[in-house]
Amino acid sequence: MKLQFLWCVAAAVLVSVCGEKEESEGARLLVAKHVLNKYLVEDMDVVVKYTVHNIGDSAALEVEITDKSFDSDNFAPVSGEISARFDRVPPKTNVTHTVVVRPTKPGYFNFTSAEVLYRKKEDAPRLQVAASSEPGMAYFTAYKEYDKRFSSHVIDWAAFAVMTLPSLAIPFALWFSSKRKYEKLSKNSKKH
Ligand SMILES: *[C@@H]1O[C@H](CO)[C@@H](O)[C@H](O)[C@H]1NC(C)=O
Ligand SMILES: *[C@@H]1O[C@H](CO)[C@@H](O)[C@H](O)[C@H]1NC(C)=O
């Protein structure tokens, strides 16, 4: 009798666990933070992109990305918002947000993660807190350094162009003189 009762309890627990499993777990967001620039240079725009990917089975609501890493010590004030808000991110979809910041100092900088808040489902009592990926350490090249390197490349290209000129000019001269010769010949033959 007692054993039967225990079995009933066990069965009831199993059913409730399974039942809960079947219910939607709600939204689950993965947030990637990427720095898109090839060159990171003092006083030049740096483009940072946030990709929010909902791998859950229902829409994420009230999604908010907050990034406190661009402090005024290291970055010029940005036009537009660094934070972003999406009312709704449906399951299996992505939304992106892009910001442009401008570093004011050369040197190493650690790109850290942004904070993400969202509601996993309509009736979720609390907001879910998540962190984006971290791009990590980067180095902002001094503008002067970058400028010097860039303009020396321009000089390199100019030198290259000058050096290749003879190799283009000589065949051209040969072709031109043979063309003249040919024209002379054909003119002479016409006279006859
Ligand atoms: C969403 O983003 C993830 C990771 O960034 C990517 O693997 C996936 O293909 C994207 N899905 C869509 C529908 O764009
Ligand atoms: C960058 O910042 C993160 C988070 O604060 C930290 O875990 C990591 O060690 C830092 N990286 C370096 C190279 O300092």
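This is a predicted model: local features need pLDDT of at least 70, side-chain atom pairs count only at pLDDT 80 or more; totals for chains, interfaces and linings use all residues.

Visitor: What pattern does the chain follow, read along the sequence?
Guide: The chain has 2 helices and 9 strands. Read along the sequence, they give the pattern α-β-β-β-β-β-β-β-β-β-α.

Visitor: What percentage of the contacts in the chain with a separation of 6 or more comes from residues 24 or more positions apart?
Guide: One such pair is Val116 and Leu29, which touch each other. Over the chain, for contacts with a separation of 6 or more, the share of residues 24 or more positions apart is 73%.

Visitor: Which strands stand at the edges of the open sheet of 3 strands?
Guide: This sheet has the order S1-S2-S5, with antiparallel pairing. Each edge strand has a single partner strand, so one side of each is left without a neighbour in the sheet. The strands in that position are S1 and S5 (94-101). From one strand to the next, the twist averages 15°.

Visitor: In S5, which residue is the bridge partner of Val47?
Guide: S2 and S5 pair over 8 bridges, in the antiparallel sense. Within S5, the bridge partner of Val47 is Val100.

Visitor: Which strands stand at the edges of the open sheet of 4 strands, and by how much are neighbouring strands turned against each other on average?
Guide: The order in this sheet is S4-S3-S7-S8, and the pairing is antiparallel. S4 and S8 (128-131) each have a single partner strand, so one side of each is left without a neighbour, and these two stand at the edges. Direction ignored, neighbouring strands are turned against each other on average by 20°.

Visitor: Which residue in S4 stands opposite Leu61?
Guide: S3 and S4 run antiparallel and are joined by 5 bridges. The residue in S4 that stands opposite Leu61 is Arg88.

Visitor: Which element gives the most residues to the largest nonpolar core?
Guide: That core has 14 residues, and those with the most contacts inside it are Leu29, Val31, Ala60, Val63 and Val116. Two or more residues come from each of S1 (29-35), S2 (46-54), S3 (60-66), S4 (84-89) and S7 (115-119). With 3 residues, the element that gives the most is S3.

Visitor: Which residues does Val116 touch, not counting those up to four places away in sequence?
Guide: Val116 is among the residues with the most contacts inside the largest nonpolar core. Beyond four places in sequence, Val116 touches Leu29, Val31, Val63, Ile65, Ala130, Ala131 and Ser132.

Visitor: Does Asn74 count as buried, partly exposed or exposed, and why?
Guide: The place of Asn74 is in the loop between S3 and S4. A residue is buried with 20 or more C-beta neighbours within 10 Å and exposed with 12 or fewer. Asn74 has 15 inside 10 Å, so Asn74 counts as partly exposed.

Visitor: How far apart in space are Asn74 and Phe109, C-alpha to C-alpha?
Guide: Neighbours within four places aside, Asn74 is in contact with Pro103, Thr104, Lys105 and Phe109. Asn74 and Phe109 are 35 residues apart in sequence, and their C-alpha to C-alpha distance is 8.6 Å.

Technical notes:
Residues are numbered from 1 along each chain as its sequence is written. Chains are lettered from A and ligands numbered from 1 in the order in which they are written. A nonpolar core is a set of buried Ala, Val, Leu, Ile, Met, Phe, Trp, Tyr and Cys residues joined through C-beta atoms within 7 Å. Two residues are in contact if their C-beta atoms, placed from the backbone, lie within 7 Å. Two strands pair if DSSP finds at least two bridges between them. Axes are lines fitted to C-alpha atoms, for helices over the stretch in contact, and angles run from 0 to 180 degrees between N-to-C directions.
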